[in-house]
Amino acid sequence: MEVKKRKRLKLRYLNLPQDLKELNIQQCEVLCREIRSTLIKTVSKNGGHLASNLGVVELTMAIHRVFDSPDDRIVWDVGHQSYTHKILTGRYERFDSIRTENGISGFTKPDESEHDAFISGHSSVSISAAYGMAQAMKLCGSENYAVAVTGDGALTGGEIYEALNNAGKTNTNLVIIVNHNDMSISRNVGSLAKYLMSVRNTRKYLKTKQAVEKVLVKTPVVGKPVAKILKGSKNTVKSTVYRKNYNTTIFEDLGFIYLGPVDGHNLSELEEVLYTARSYKRPVVVHVNTVKGKGYEPAEKNPGEFHGISKFDIMTGNPEVSSSDCYSTCFGRELVRLASEDENICAVTAAMKYGTGLQYFATEFKDRFFDVGIAEQHAVTFSAGLASMGKIPVFAVYSTFLQRAVDQLIHDVSIGKNHIVLGIDRAGVVGEDGETHHGVFDVSILLPVPNTVVYSPSCYDELKMCMKAAIYDCDGLACVRYPRGNDSTEFDKSQLNTDYTFTEKDGADILLVTYGRIYDELYKAVNQLNDCGIKCDMLKLTRIIPVNEAVFEKTAKYKKIVFFEEGFLKGGVAEHFGNRIYDKGFGGKYYTKGITEYVKQASVASILQKLGLDTSSMVKFVKEISEQSDEN
């Protein structure tokens with residue numbers, strides 16, 4: 001196929017990524033414009049991560065032109081910036097299905113494509129994974145490369161520094177691309193760095209340098225000394241000019257070759273520096289400057305708002321659903337109200353100020369607001385340190401990211417008896433982000449930890465009540481978990497509290513139990529069941545760890561109990577509840593509905609239906625068990 005002869009160059013005509021290497025720079029720039037248009041059009045319909053992907057279009061193109069995926073392994077950190085990578089690796093025709101049920105994932109996923117080298121839904125893991133791949137290829141005698149694409153955000157995560165420290169002084173084909181899309185470089189320093197790069201980091205210069213050194217080394221008597229002098233002179237110039245003005249980089253101190261910074265939207269410069277990087281045959285860091293939201297004005301002006309966004313109108317950039325009405329916003333505003341009355345309350349985030357609703361706190365109480373970067377482990381121990389000095393730290397964190405700080409929760413908070421509050425955002429299934437982002441493990445993780453209290457409110461008003469209880473009525477680790485999205489509940493809110501609520505009917509021999517968001521589904525299910533003549537009592541747990549012992553005393557009279565849990569059943573509240581009721585003498589039958597395996601991306605409504613946790617599924621399940629004889 002002769003790509004260069006095509007009158008109209010379109011992504012759909014190409015065999016990707018192979019055909020990219022046949023194109024010239026101008027043709028690639030045409031494709032970059034088409035890619036940006038595709039990204040904006042698709043994300044406006046499906047939601048997703050837009051700003052970060054618009055910023056790496058040229059970088060992704062250059063990577064696939066210089067390296068040979070899948071033989072060269074490309075690891076994206078975080079995988080949500082891999083949309084262009086997906087388009088360029090044979091998934092253009094399916095790209096409109098991204099983040100939809102049965103569609104392609106919004107993150108890299110090895111079982112989706114051989115070009116997705118590693119799953120990467122969480123940040124700061126790319127260098128560890130890529131270094132492992134580089135060592136494995138070396139052991140197998142392969143000369144292929146492992147390429148880690150990371151960024152200034154991921155560099156706030158501690159795991160990256162463990163990997164850098166381990167990999168820098170090795171002899172592996174590892175290339176680390178640092179995508180810098182936040183901090184600007186001053187004019188003088190930037191100009192000097194680019195000038196030095198243009199002299200030192202071109203393929204022509206490198207080939208000439210290597211050729212001269214090769215000849216000199218082979219020259220008798222004077223060759224090696226001259227080569228050594230020349231090499232020393234170059235290093236002297238670099239140390240006196242480059243380092244003096246631009247400072248020594250941490251990468252060089254750790255043993256890496258450092259190249260850059262380079263314009264991340266200039267394909268020629270990008271390819272030049274990447275070819276140089278692969279020629280070293282040792283660990284190299286390439287520093288690339290990009291603009292988040294590049295090519296779409298609303299995203300360039302507000303990259304934070306277009307980081308992860310719902311469906312939006314392309315012409316205006318306005319999202320279809322306002323983020324002003326959601327659990328995160330309710331949490332953030334209530335925390336401001338409480339903090340206005342108590343100067344000991346502090347707020348902590350791990351680079352998710354807007355995602356967790358803490359932007360209001362950051363504005364009102366700057367001195368008491370702490371953004372520690374993508375460092376959940378540090379955030380927990382830092383919070384424990386604040387608590388040890390009499391402060392009341394509230395760490396707002398997505399459930400899926402809290403998984404990274406389990407040791408700190410146990411060792412630094414629970415054992416140390418330090419009172420910190422966790423606002424566990426995105427608890428339960430989250431929809432289109434898929435397996436790596438569902439908040440379905442936090443309960444199983446927290447349940448066995450001593451001195452821990454966990455609240456799971458079912459509406460905004462209950463969320464506010466639980467926040468106050470977690471801050472003032474608890475010692476040790478206190479958690480409030482709440483879902484993604486807004487409160488559209490219909491259940492009767494006359495009995496809201498922070499413990500539990502029984503709704504009983506005369507003659508009912510079936511008890512239905514749940515907590516959190518899906519209580520509203522259960523409430524509607526019970527109304528439908530009553531209309532069908534099936535009497536059921538309801539138990540809504542608000543404090544799910546520990547469950548009030550009085551609850552278990554009330555279960556003995558029922559013939560059948562069903563526990564619906566929006567979380568993993570193994571190690572969850574349903575399992576614990578079942579063990580306790582049998583300990584208390586329950587002689588009936590106990591059923592559970594919940595999660596038993598990883599959940600793929602789909603809408604929240606579709607996921608709940610598949611799990612049997614929506615209203616109609618609950619009604620169907622209870623009808624089935626009500627028809628079973630007690631002996632079965």
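Visitor: How many bridges join strand 6 to strand 7?
Guide: Strand 6 (residues 345-349) and strand 7 run parallel and are joined by three bridges. In this pair, Thr349 stands opposite Asp371 of strand 7. Strands here are DSSP runs of E with at least two residues, helices are runs of H or I with at least four, and both are numbered from the N terminus. Two strands count as paired if DSSP finds at least two bridges between them.

Visitor: Before we go on, where does the model come from, and how are residues numbered?
Guide: The model is predicted: local features need pLDDT of at least 70, side-chain atom pairs count only at pLDDT 80 or more, and totals for chains, interfaces and linings use all residues. Residues are numbered from 1 along each chain as its sequence is written, and side-chain values use heavy atoms, with hydrogens and water left out.

Visitor: Which order do the seven strands of the open sheet follow?
Guide: The order is 7-6-8-9-11-10-15, and the pairing is mixed. Strand 7 (369-371) and strand 15 (543-545) are the edge strands, each pairing on one side only. From one strand to the next, the twist averages 25°. Such angles run from 0 to 180 degrees between N-to-C directions, with axes as lines fitted to C-alpha atoms, for helices over the stretch in contact.

Visitor: Which strands does helix 19 lie across?
Guide: Helix 19 (residues 460-472) lies across strand 6, strand 8 (392-398), strand 9 (420-425), strand 10 (452-455) and strand 11 (477-481). Its direction is at about 170° to strand 11. Contact means heavy atoms within 4.5 Å.

Visitor: And the open sheet of five strands, is its pairing parallel or mixed?
Guide: Its pairing is parallel, with the order 1-2-3-5-4. The edges are strand 1 (73-76) and strand 4 (257-263), each of which pairs on one side only. The twist there averages 20° from one strand to the next. Within this sheet, strand 2 (residues 146-151) and strand 3 (residues 174-180) pair in the parallel sense over six bridges, and Val147 stands opposite Val175 in strand 3.

Visitor: What holds paired strands together in general?
Guide: Strands of a sheet pair through backbone hydrogen bonds, either parallel or antiparallel.

Visitor: Changing topic: how many cavities of 30 Å³ or more are there?
Guide: The count comes to four. On a 1 Å grid over the protein atoms alone, a cavity is a set of points where a 1.4 Å probe fits but cannot get out, while a pocket is an open set with protein on both sides within 12 Å along at least five of seven lines; lining residues have an atom within 4 Å of a point. Grid points are joined across faces, edges and corners, and a volume is the space filled by probe spheres set on the points.

Visitor: What lines the largest cavity?
Guide: The lining includes Ala427, Gly428, Arg481, Tyr482 and Glu566. The space inside is about 90 Å³. Its lining residues divide into five nonpolar, three polar and three charged. Here Ala, Val, Leu, Ile, Met, Phe, Trp, Tyr, Cys and Pro count as nonpolar, Asp, Glu, Lys and Arg as charged, and the others, Gly among them, as polar.

Visitor: What about the second largest pocket, which residues are closest to its centre?
Guide: That pocket holds about 420 Å³ of space. Of its 22 lining residues, the closest to the centre are Lys109, Glu435, Val599, Lys600 and Gln601. Strand 17 (589-595) and helix 23 (604-611) are the elements that give two or more residues to the lining, and helix 23 gives the most, with three. The lining has seven nonpolar, six polar and nine charged residues.

Visitor: Finally, what is the mean pLDDT?
Guide: The mean is 88, and 86% of the residues reach 70 or more; pLDDT is the predictor's confidence in each residue, from 0 to 100. Over residues 183-207 the pLDDT stays under 50, and the model has 39 contacts beyond four places in sequence for them. Where pLDDT is low, the predicted coordinates should not be read in detail.
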